[in-house]
Structures are given as C-alpha cells and as structure tokens.
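Please keep the sequence and the structure in view while reading.

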Amino acid sequence: MHTPENVQIGAKVLILRPAYVAGKVGVVCGREVLSDNQPSDRWLIQVNSENIVVSLTPNDFQVISQWEKDL
C-alpha cells in the first residue's frame with residue numbers, strides 16, 4: 001500500500017474512516033478546493049459501492065493502487 005502523500009487522481013483507496021464508509025473501496029476524484037480557489041488538505045473520494053462522494057483527509061484512507069481502470 002502507498003501513503004496518501006502520493007495520491008493521484010484515479011487511485012484506488014481503502015477508506016479507514018468515518019465509520020459509515022470504513023472498509024469500503026473508493027477512487028480518488030481530486031483534491032478538494034476551497035472557496036478562495038486554494039487546494040485544501042482533503043481529497044474527494046467516490047465510494048465504489050455507494051452513490052456518494054466523501055471528503056477525506058489523508059489519514060482517513062490508504063492508497064491500494066495508483067490507477068483505477070474503470071473511472
């Protein structure tokens with residue numbers, strides 16, 4: 001597994017928290033952008049088994065692989 005500092009768009013991740021999505025796999029959609037157009041320290045993750053996107057900090061997930069084939 002890789003560290004979240006090496007996150008790339010399209011990476012497959014294992015979500016560690018919050019509890020309602022913990023243990024699920026997701027795909028990185030991109031970095032969250034603040035209202036002043038500055039990037040935040042959070043990442044937008046599309047949860048594979050749910051129809052939701054969650055905003056997570058790097059401590060909330062682990063990278064499984066850098067490229068997801070079916071985005």
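This is a predicted model: local features need pLDDT of at least 70, side-chain atom pairs count only at pLDDT 80 or more; totals for chains, interfaces and linings use all residues.

Residues are numbered from 1 along each chain as its sequence is written, and side-chain values use heavy atoms, with hydrogens and water left out. The protein chain contains 0 helices and 5 strands. The strands form an open sheet with antiparallel pairing.

**Overall make-up**

- Along the sequence, the protein chain reads β-β-β-β-β. Helices (H or I, at least four residues) and strands (E, at least two) are DSSP runs, numbered from the N terminus.
- Of the 71 residues in the protein chain, 32% are buried. Buried stands for a relative accessible area under 20%, exposed for one over 50%, and partly exposed for values in between, with a 1.4 Å probe and protein chains only.
- The protein chain has an accessible surface of about 4,500 Å², and carbon and sulfur atoms account for 51% of this surface. Accessible areas come from the Shrake-Rupley method with a 1.4 Å probe, and for residues only the protein chains shown count as cover.
- Among contacts between residues at least 6 apart in sequence, 44% join residues at least 24 apart. A contact means heavy atoms within 4.5 Å.

**The sheet**

- The 5 strands of the open sheet are arranged in the order β4-β3-β2-β1-β5. Two strands pair if DSSP finds at least two bridges between them.
- The edges are held by β4 (53-56) and β5 (61-65); each has a single partner strand, so one side of each is left without a neighbour in the sheet.
- On average, neighbouring strands of this sheet are turned by 45° against each other, direction ignored. Axes are lines fitted to C-alpha atoms, for helices over the stretch in contact, and angles run from 0 to 180 degrees between N-to-C directions.
- Strand β1 (residues 12-15) and strand β2 (residues 25-33) run antiparallel and are joined by 3 bridges. L14 has V25 of β2 as its bridge partner.
- Between β2 and β3 there are 6 bridges, and these strands run antiparallel. G26 stands opposite V47 in β3.
- β3 and β4 also run antiparallel, with 4 bridges joining them. The bridge partner of W43 in β4 is L56, and a hairpin of 5 residues links β3 to β4.

**The loop between β1 and β2**

- P18 lies in the loop between β1 and β2. The peptide bond from R17 to P18 is cis, with omega near 10°.
- G23 belongs to the loop between β1 and β2 and is exposed, with a relative accessible area of 56%.
- Leaving aside residues up to four places away in sequence, G23 touches L14 and I15. The C-alpha atoms of G23 and F61 are separated by 9.4 Å, although these residues are 38 residues apart along the chain.

**The loop between β2 and β3**

- N37 is found in the loop between β2 and β3 (39-47), and the hairpin of these strands has 5 residues between them.
- N37 has a positive phi of about 65° although it is not a glycine. With a relative accessible area of 64%, N37 is exposed.

**The loop between β4 and β5**

- T57 is located in the loop between β4 and β5. This residue is buried, with a relative accessible area of 18%, and touches D41 and R42, not counting residues up to four places away in sequence.
- D60 is placed in the loop between β4 and β5 and is buried, with a relative accessible area of 11%.
- Apart from residues up to four places away in sequence, D60 touches L14, I15, L16 and R17.

**The nonpolar core**

- The largest nonpolar core has 13 residues, of which V28, I45 and F61 touch the most other members. A nonpolar core is a set of buried Ala, Val, Leu, Ile, Met, Phe, Trp, Tyr and Cys residues joined through side-chain atoms within 4.5 Å.
- Two or more residues of this core come from each of β1, β3, β4 and β5. The most are given by β3, with 3 residues.
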